[in-house]
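Please report on the model shown here.

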Amino acid sequence: MSDAALQAIDLLLSARWVVPVAPRGVVLEHHAVAVHRGEIVALVPQAEAQTRYRAAEHVELGEHVLLPGLVNAHTHNPMTLLRGLADDLPLMTWLREHIWPVEARVLGAEFVRDGTELAIAEMLRGGTTCANENYFFPDVSAATYRAHGFRAVVGLPIIEFPSAWARDPDEYFARACELADALRGDTLISAAFAPHAPYTVADTSFARVRLLADQLDLPVHLHLHETAQEISDSLREHGQRPLARLQRMGLLNDRLIAVHMTQLTEPEIAQCAQAGVSVVHCPESNLKLASGFCPAEALRRAGVNLAIGTDGCASNNDLDMFGEMRTAALLAKGVAQDASAMDAASTLHAATLGGARALGLDARTGSIEPGKRADLIAVRMDALETQPLYHVVSQLVYATPRSQVSDVWIDGRALLREGVLTTLDHGALLQRARHWRQRIAAI
């Protein structure tokens, strides 16, 4: 066939292995992904691709796995600038005596922009292409993500106490609605209501969140059932567990992105499954803060959509989704006392399509399927640490470090090429991080 008869496309990616995630656990050998105008147009054998497409750019990935970009379903990315500030402390001590006082001194647009840029660089280098952000100054986060072509859902913070972002609940809601309206129709950045937690949000605010989430068709991103103390405090103050409180207010539904969920009964797991709640498992942060263990396998078997998040760098202390996958799978086996729990394919699904589904983005990202956006990553598998290679998906989850991510595309745009960032200046990032370290350490 002559070149003139071939379909012109922007990008053709030919890989030794392709893991599309849907169907779950499938590994395709010697396949190619055709991309045009940021959209996946085909996933076909390489020989077929040569007879169908004429690509402006053809990238050959001879010893790589090509897979969907990872979705970090819960993070506080500006807090990269607080990495390692207050380690080895329980959650409420860590928050009330260290994190919140420092934030009161430094929180502002510059802090959020610089922390978000540092996080974008770390996430891209580790194969993450989408983040569910939960922090103050979401307008700044949104602008920063957009400037670097990074897909994100930005949380619209709701909390009862004043901050540099808003003085009172009325202002939090006013600013939330303003930003939600500004982001409507944006193909890269979307919004979710982000009431902080049951212990920092009043019933009146939760009622407003429910009403506005329904009206604006937005998810609700919430820390929930994170610690045993949260449960006991709720029983004392409200006469019911936090999940029952949310159900009473109509928030237990398929819009809810419930983060942590370490304190669950069997009836509560069934309630979540029936209501269509998505649960974000943050195993390393939960372990570090001794918050408890999310019953991930019990949730999965009940039919709950599972996603994986890193939480923020102040409590993890990294944004490494490859490490998070491995910890999630191993911890689930220990909690369930079942070596078959959270198998590798299910874990990878949670870190990709499960996360996209939780955020309402599964029609756009999370798997390699025609019609979806080309959010893709290439991972080298020829390193000594990943040899010999028997099972590709198992190797990705149990043995592959994030350092083996070589290339990243979002909307078909290369943001990491052979390990080098294309939109961010490595030296400038280091300089700004060191500036913030000096400023914060002096507080």
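In which strand is the place of Val 44? Val 44 sits in strand E3, which covers residues 39–45. Note that the model is predicted.

Val 44 has 8% relative accessibility, so the residue counts as buried. Leaving aside residues up to four places away in sequence, Val 44 touches His 31, Ala 32, Ala 49 and Arg 52. One of these contacts, His 31, is 13 residues from Val 44 along the chain, and the two C-alpha atoms are separated by 5.6 Å.

Asn 134 belongs to a loop. Strand E6 (128–133) lies on one side of that loop and helix H4 (138–147) on the other. Is Asn 134 buried or exposed? The residue counts as buried, because its relative accessibility is 7%. With residues up to four places away in sequence again left out, the contacts of Asn 134 include the histidines His 74, His 76, His 221 and His 223. Thr 75 and Ala 194 also touch Asn 134.

**Domains**

UniProt, in an unreviewed entry, places the feature "domain: Amidohydrolase-related" at residues 65–414. Over that range the chain is 43% helix and 18% strand. The end C-alpha atoms of the range are 16 Å apart.

The domain assignment gives two units for the protein chain. Domain 1 is made of 7–67 + 371–411, and domain 2 spans 70–359. Their C-alpha centres lie 29 Å apart. How many residues of domain 1 are in contact with domain 2? There are 23 residues on the domain 1 side, in contact with 31 residues of domain 2.

**Aromatic contacts**

The count of aromatic pairs comes to six. A pair of rings is described by the distance of the centres and the angle of the planes. Two of the pairs are set out below.

| Pair | Centre to centre | Angle between planes | Type |
|---|---|---|---|
| Phe 111 – Trp 436 | 5.3 Å | 85° | edge-to-face |
| Tyr 135 – Phe 136 | 5.6 Å | 65° | edge-to-face |

Why does the pair of Phe 111 and Trp 436 tie together parts that are 325 residues apart in sequence? Phe 111 lies in helix H3 (residues 109–125) and Trp 436 in helix H15 (residues 426–441), so the pair links those parts. Phe 111 and Trp 436 are both buried. Tyr 135 and Phe 136 are buried as well. Phe 111, Tyr 135, Phe 136 and Trp 436 form one aromatic cluster.

A charged side chain also meets a ring. Arg 175 lies over the face of Trp 165. The distance from the ring centre is 3.6 Å.

**Cysteines**

How many disulfides are there? The count is zero. Cys 294 is in no disulfide, and its nearest cysteine sulfur belongs to Cys 282, 8.8 Å away.

Cys 313 is in no disulfide either. For Cys 313 the nearest cysteine sulfur is that of Cys 282, at 12 Å. Cys 313 counts as buried because its relative accessibility is 0%.

Key. Residues numbered from 1 in each chain as written. Predicted model: local features only at pLDDT ≥ 70, side-chain atom pairs only at ≥ 80, totals over all residues. Heavy atoms only, no water. Phe/Tyr/Trp six-rings, centres within 6.5 Å; stacked < 30°, edge-to-face > 60°. Helix = DSSP H or I, 4+ residues; strand = E, 2+ residues; numbered from the N terminus. Buried < 20%, exposed > 50% of the residue type's maximum accessible area, 1.4 Å probe, protein only. Lys NZ or Arg CZ within 6 Å of the ring centre and 35° of its normal. Disulfide = S-S within 2.5 Å. UniProt positions renumbered as here; feature names shortened; annotations may be inferred. Domains from an automatic or database assignment. Contact = heavy atoms within 4.5 Å.
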